[in-house]
Amino acid sequence: QIFVPIHPTIATQYNNLATIYLELGDLEKALKAQEKALEIDEQVFKQSHPIIAMDYNNLAQIYEGIGDLEKALEAQEKALEINEQVFEQNHSSIATNYNNLAIIYEGLGDLEKALEAQEKALEIDKQVFKQEHPNLARDYNNLANIYKDLGDLKKALVAQEKALEIDKQIFEHIHSRTATHYNNLASIYKGLGDLEKALKAQKKALEINEQVFEQNHPTIAITYNNLARIYQDLGDLEKALEAQKKAVKRLKKKLLPKHTNLILVSRNLSSIHYDIGMQAFGSKQYNEAIESFNKALDHYWDKATIYNYLGLCHYYLKEYPNAIKAYQQAASLSPELKEQHYYNNIGTAYIKNKQFKEALEAFQEYEKLFPQEGRVYRNYAMYHSLKGDSAKALEMLHKAVDLGYKDVEWIKTDDSLESIRNEPAFQELLHQLER
């Protein structure tokens with residue numbers, strides 16, 4: 001109402017709106033607002049101007065968030081082109097453009113160009129700032145990230161320690177930038193396999209962030225997420241779960257449901273539940289495993305594997321209808337499971353549930369896939385034993401053993417062979433196996 005539509009103040013307001021939408025994770029609205037800011041500024045300033053370069057720089061960040069790195073690269077190159085016309089060669093704004101280009105090249109997987117751009121940014125900033133400066137710390141930090149992606153963790157460690165050293169001289173120890181460096185150091189130590197140092201650095205990052213930010217800030221949530229991953233690698237799943245739940249809880253209060261960071265921490269929470277489930281499964285605590293696997297289903301990337309393990313848990317608990325449903329769900333999500341042990345698993349569940357027709361069909365499909373595997377004939381032994389054909393059951397069991405099936409404990413205890421367990425031929429076969 002105060003200014004005409006084409007006015008730099010209005011462009012600034014659109015730019016600020018874009019920043020807010022970006023932080024909220026609403027990238028579509030952020031993009032529209034930033035494009036509007038650029039449109040106005042290009043009409044206000046008739047030639048190359050630092051504000052237009054800033055608009056292109058911000059536009060590049062939004063495209064990065066969307067995942068369109070080609071457009072991000074195009075916008076960032078435009079920002080660099082303008083700044084190189086406006087400023088002398090060695091200027092911090094140009095260094096920032098090179099820094100941002102390095103990040104985009106890194107995202108595109110062109111690590112050589114990323115390294116070249118980041119070294120250029122550092123070279124300029126060293127000439128601009130004659131003493132320790134936050135931009136130099138930024139450059140060393142980003143250089144560390146590129147070295148890390150290149151697999152040169154020793155150089156990454158040196159660069160990251162340099163970044164931390166600079167910022168410690170500039171800022172108080174309780175500062176978000178030093179927390180970021182500790183976080184990155186933890187990642188490098190993790191890559192080097194030194195989980196104890198990684199844990200120490202990550203705890204330091206958390207300690208600082210909890211003093212810098214309010215309780216539910218997304219940065220604290222991501223720090224908890226990273227801490228959880230280290231605990232997970234250390235095998236301390238209880239502490240991993242505790243930390244990951246804190247991460248999810250905080251982000252749910254701050255971010256939209258489809259925000260990439262919320263999706264990330266939710267997936268990691270599912271990963272921990274999956275590991276806990278596998279731990280319980282290995283200890284034959286099948287009810288506990290089922291509980292954890294069901295929690296993992298929310299965001300775990302491989303739901304088919306979880307359903308397969310749910311089927312196994314229900315099978316061992318003699319909950320055969322539930323086992324059948326779980327196996328079917330696994331196969332519907334991942335058809336390649338049928339080329340592995342799906343037919344064996346569901347067939348044994350069918351036979352235990354007295355669904356003989358379905359069991360036989362499954363066992364026959366399994367035989368087509370693995371005709372020389374002893375388990376095929378063990379399955380037929382189960383089938384014939386439960387059907388009351390002792391002679392055929394013993395014949396199939398002998399063939400299973402001849403082909404390498406040697407699970408003595410299963411043969412001795414599984415109730416599907418109860419009808420032939422007292423047969424002399426069965427006792428003789430068992431005696432041979434035990435010897």
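At what angle do helix α17 and helix α18 pack, and how far apart are their axes? This report takes that up first, working from a predicted model.

## α17 against α18

Helix α17 (residues 342-352) packs on helix α18 (residues 356-369) at about 160°, and the axes sit 8 Å apart. Since angles over 145 degrees count that way, α17 is roughly antiparallel to α18. If you look at how α17 passes α18, the crossing is left-handed.

On the α17 side, the contact uses Y343, N344, I346, G347, T348, Y350 and I351. From α18 come F356, E358, A359, A362, F363, E365, Y366 and L369. Sort the residues of this contact by class and you get 10 nonpolar, 3 polar and 2 charged.

## α18 against α19

Next up is helix α19 (residues 374-387), whose axis comes within 10 Å of the α18 axis, with a crossing angle of roughly 160°. So α18 and α19 are roughly antiparallel to each other, and their crossing is left-handed.

Here α18 brings F356, L360, F363, Q364, Y366 and E367. They meet R375, V376, Y377, N379, Y380, Y383, L386 and K387 of α19.

## N183 in α9

Now over to helix α9 (residues 176-192), where you'll find N183. Is N183 buried or exposed? N183 has a relative accessible area of 18%, so it counts as buried.

Skip the neighbours within four places in sequence, and N183 is in contact with Q202, A205 and N226. As for A198, it is 15 residues from N183 in sequence, and the two are 8.6 Å apart in space, C-alpha to C-alpha.

Conventions: Residues numbered from 1 in each chain as written. Predicted model: local features only at pLDDT ≥ 70, side-chain atom pairs only at ≥ 80, totals over all residues. Heavy atoms only, no water. Axes fitted to C-alpha atoms, helices over the stretch in contact; angles between N-to-C directions. Helix = DSSP H or I, 4+ residues; strand = E, 2+ residues; numbered from the N terminus. Parallel < 35°, antiparallel > 145°, perpendicular 65-115°, else oblique. Left-handed = near helix turned anticlockwise from the far one by under 90°. Contact = heavy atoms within 4.5 Å. Nonpolar A, V, L, I, M, F, W, Y, C, P; charged D, E, K, R; others polar. Buried < 20%, exposed > 50% of the residue type's maximum accessible area, 1.4 Å probe, protein only.
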